[in-house]
Amino acid sequence: MRTMMGIVLTMVSVFLIYQNRFRIISYFISIRFMRRMITTVAMNIPLIKDKFFKMAFSRSA
């Protein structure tokens, strides 16, 4: 019974986080320290870094 209650609470928590994900992201981005941390971590991921630099330095006609 205890395990079942844990599973149900986990599922409800995941659902609520998923439902409010944009609100949660906006909250974290509004904190200066967190914004810096997120940017630093994202720029250490090669795929994200490459896409960012392609968009930032591409020439549009």
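Author: Helices (H or I, at least four residues) and strands (E, at least two) are DSSP runs, numbered from the N terminus. This is a predicted model, in which local features need pLDDT of at least 70 and side-chain atom pairs count only at pLDDT 80 or more, whereas totals for chains, interfaces and linings use all residues. Residues are numbered from 1 along each chain as its sequence is written, and side-chain values use heavy atoms, with hydrogens and water left out.

Reader: How many helices and strands does the protein chain have?

Author: Read from the N terminus, the elements follow the order α-α-α-α. The count for the protein chain is therefore zero strands and four helices.

Reader: At what angle do H2 and H3 pack, and what is that arrangement called?

Author: Helix H2 covers residues 21–30 and helix H3 residues 32–43, and their axes (lines fitted to C-alpha atoms over the stretch in contact) lie 5 Å apart. The angle, which runs from 0 to 180 degrees between N-to-C directions, is about 105 degrees. Angles under 35 degrees count as roughly parallel, over 145 as roughly antiparallel, 65 to 115 as roughly perpendicular and the rest as oblique, so H2 is, relative to H3, roughly perpendicular.

Reader: Which residues of H3 are met by Phe 28, Ile 29 and Ser 30 in H2?

Author: Contact means heavy atoms within 4.5 Å. By that rule, these three residues of H2 meet, in H3, Arg 32, Met 34, Arg 35 and Ile 38.

Reader: What share of the 61 residues of the protein chain counts as buried?

Author: Buried means under 20% relative accessible area, exposed over 50%, and partly exposed in between, with a 1.4 Å probe and protein chains only. Among the 61 residues of the protein chain, the buried share is 0%.
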